[in-house]
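Here is a short walk through one protein chain. Keep the sequence and the model side by side as you read.

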Amino acid sequence: MPDRLPVAVIGAGIAGLACAAALRHAGFAVEVFEKSRGLGGRIATRRVDGLSFDHGAQYATARGPALLGLMRELTSAGAVSEWRPTIRDLRMADDGGKTGGGAGGGDDGESRDTWFVGTPAMNAMVKPMADGLTIHRRSRVIDLRRTGGGWQC
């Protein structure tokens, strides 16, 4: 295999980590640059005074086969669970606000997307995706230059 140029991925959200992992699997030397101290981008969990709470994305929707496959892998790893909330239509309706079933399918015949949440918190969803990757946290990229065998930002 010929020498491959090193690759920089900007952002350690779900898309950046998936991209970096795929490039690494293809034999590229990959470095990820993330401006925050945590991983996940819009899939975030905050910890303040011993409490934690999710902010940003409440769940992930997997519509395509690639993302659905990733969610199944993360479920097997214990980082993700399928979420099937009870959904009620509170509008005035002929059915009197009957429960419309959960995500992934309902008793109303309507097809719903499959929803996933990180366990125990949303940012757990991306942590396994970062395994084996070189990630530079708290690195705001304003300018990026390749220097010798690495990157300078």
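How many aromatic pairs does the structure hold? It holds three. Rings of Phe, Tyr and Trp (its six-membered ring) pair if their centres lie within 6.5 Å; planes under 30 degrees apart count as stacked, over 60 as edge-to-face and the rest as tilted.

A word on the source. This is a predicted model: local features need pLDDT of at least 70, side-chain atom pairs count only at pLDDT 80 or more, and totals for chains, interfaces and linings use all residues. Residues are numbered from 1 along each chain as its sequence is written, and side-chain values use heavy atoms, leaving out hydrogens and water.

Take the pairs. The rings of Tyr59 and Trp83 have their centres 5.5 Å apart and their planes at 45°, so this pair is tilted. Tyr59 lies in the loop between strand 4 (51-56) and strand 5, and Trp83 in strand 6, so the pair ties together parts that are 24 residues apart in sequence. Helices (H or I, at least four residues) and strands (E, at least two) are DSSP runs, numbered from the N terminus. The rings of Trp83 and Trp115 have their centres 5.6 Å apart and their planes at 35°, so that pair is tilted. Trp83 in strand 6 and Trp115 in strand 7 are 32 residues apart. Tyr59, Trp83 and Trp115 form one aromatic cluster.

How exposed are they? Buried means under 20% relative accessible area, exposed over 50%, partly exposed in between (1.4 Å probe, protein chains only). Trp115 counts as buried at 16%. Tyr59 is partly exposed at 30%, and Trp83 is partly exposed at 33%.

An open sheet of three strands has the order 5-7-6, with antiparallel pairing. Two strands pair if DSSP finds at least two bridges between them. Strand 5 (60-62) and strand 6 (80-83) are the edge strands. Three bridges join strand 5 to strand 7 (residues 114-118). Thr61 stands opposite Trp115 in strand 7. Helix 2 (residues 65-76) packs on the sheet, touching strand 5, strand 6 and strand 7. Contact means heavy atoms within 4.5 Å.

Finally, helix 1. Helix 1 (residues 14-25) has 12 residues. Its buried residues are Gly16, Leu17 and Ala20. They cover an arc of only 95° around the axis, which puts them on the same side of helix 1. The arc is that of the directions from the helix axis to the C-beta atoms. The face turned away from the buried side carries the exposed residues Ala15 and His25.

Notes
The expected span of a helix is 1.5 Å times one less than its number of residues. Axes are lines fitted to C-alpha atoms, for helices over the stretch in contact, and angles run from 0 to 180 degrees between N-to-C directions.
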